[in-house]
Amino acid sequence: MQQVCLLTVVSLFVTSAQCKTPGLQTRITDRALEYATEVALDILSKQVTGQQIPDQHGQSGDVKFDITGMNVKQFTKPSSRVSLIQNVGLSWSTSGTGLAIHGDFKYKYRKGIIKVSDHGSFDLKANGINFQVKIEIGMDGTGRPTMKAVGCSCNVGSADIKFHGGAAWIYNLFSGQLEIKLKDMVGGGNGLLCKQLNTLIDVTGMKSLQKLPVTVQIAKRFLLDYRFLSKPSFQTKFMETYHKGEVYWNAVPVDAPFAAPPLLKSSDTSRMMYIWLSDYVFNTMSYNALKYNQLQYNVTNKDLPSGVLNTTCPQSTCIGKIIKAIGTKFPNTTVMLYMKSTSMPNMTAQNGSTVVNASGDIVFFAQQPGGKYTYFLTLSATMSTTISLMIQNEKVFAKVLKLPISVTVKDSNIPVSPEGLNFIVKGIVSVFVEPKLNELGAAGFPLPVINSVHFTNTQLTVAKDTLLIATDLKYSG
């Protein structure tokens, strides 16, 4: 089975203890656990229904019997309860499970000279089945979540057998022992249900956990690291997790030289899940983008409305007309702008708003015959960009709201008027920078969830250094 069960929904995000401040923290509440048990029971029902049961052979007094061809025809979902166990994981218990089993029998009765043999079929209804299992949740050496079923127990309340075919008086000779055998096959720590639960948790659940994207490549250059910092933390009403939450340069994954700030405190448990996302996640990406020369770009006419960077034009909208010294010194050519950040763009979340502060240089070159470029101007630019954030399809998306840019002359071989600077800001920088930022924001920032789990009734709160996502969950497996 390809999709996740109870504990995959629950354990997607599990970890704890704060050996360092996390970049991402999650909280799975008891509401999520209750929903997850319903998902798990649906999966268990599908796995158990149709399950083949090994043949059984036995003898009761003068009767030898063989039970063959047994399979589960029906699974009745029980009521269930999940509780959290400190420093261990979860305890999952149910009551009221029912099973219907169909099979074939044959028997041989011999007493003195009397010999009777016959065969037929039977239907068993087992009711009042209760099971309990503990699930240890932790992490492996690579920072991925782990789960393991421990101490499964199962009790069968009653079993009612109806035989079809054969001599009725002989049933009474072996039906009691057969009932015991069948109850033992279904119940007990090594019975049908516990075997299926162990498989559900140890095999199906672990396979699903392996699909959890704890590391994600971004733009083929960066590595988003959501690995666990340590084992889970379990409270009465929820479990909490702490993740690294850092973006590395993929080829050289080295920690940034600054720590994540403390995350917003909250005691809310009204939703199924909470995700605290630190602005540290975005700032580590900015740090590596600057360090590895990703925040630089050559802007040419192909990036802007047609002809804007021409030095000669019949209209009044090209750079050679607005800054006349350019048109006079470099006629009938085009200008290239080399834009680069001079410091790390820094994102700050605070009181409902998210701002990205950045600074850089804009270096101007005029294209010369033969493809050479002649330098003539450097501007220093600073901007403080306000962005809006939204959650969709389990990603964080961003859009520019305000993009105020201040430009001053840093070095120049030509005179530049205030009108010329204004043209550069509004007619060139804004036209190029804002679409580029929105393009990045529209790509989305992935959150650590698997494909079968989706957010519903989601709310985003922007607080100091923190994006807090409160959401319910929906399983689509």
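What orientation do helix 2 and helix 4 have to each other?

Modeller: This is a predicted model, in which local features need pLDDT of at least 70 and side-chain atom pairs count only at pLDDT 80 or more, while totals for chains, interfaces and linings use all residues. Residues are numbered from 1 along each chain as its sequence is written, and side-chain values use heavy atoms, without hydrogens or water.

Helix 2 covers residues 30–48 and helix 4 covers residues 192–209 (DSSP runs of H or I, at least four residues; strands are runs of E, at least two). Their axes, which are lines fitted to C-alpha atoms over the stretch in contact, with angles from 0 to 180 degrees between N-to-C directions, come within 11 Å and cross at roughly 120°. Helix 2 and helix 4 are therefore oblique to each other, the class left over once under 35 degrees (roughly parallel), over 145 (roughly antiparallel) and 65 to 115 (roughly perpendicular) are set aside. The crossing of helix 2 past helix 4 is right-handed (the near helix is turned clockwise from the far one by less than a right angle).

On the side of helix 2, the residues that meet helix 4 are Ala-40, Ile-43, Leu-44, Gln-47 and Val-48, and their partners in helix 4 are Leu-192, Leu-193, Gln-196, Leu-197, Leu-200 and Thr-204 (contact means heavy atoms within 4.5 Å). By class, the residues of this contact comprise eight nonpolar and three polar, with no charged residue.

Elsewhere, two asparagines carry a positive phi: Asn-293, with a value near 60°, sits in the loop that joins helix 5 (279–291) to strand 16 (296–299), and Asn-393, at about 55°, sits in the loop between strand 20 (373–392) and strand 21 (395–402). Most residues other than glycine have a negative phi.

Val-356 belongs to strand 19, residues 353–367. Beyond its neighbours within four places in sequence, Val-356 is in contact with Pro-345, Asn-346 and Met-347, and also with Met-383, Ser-384, Thr-385 and Ile-387. From Val-356 to Val-431 the separation is 75 residues in sequence and 18 Å in space, C-alpha to C-alpha.

Note on methods:
Nonpolar A, V, L, I, M, F, W, Y, C, P; charged D, E, K, R; others polar.
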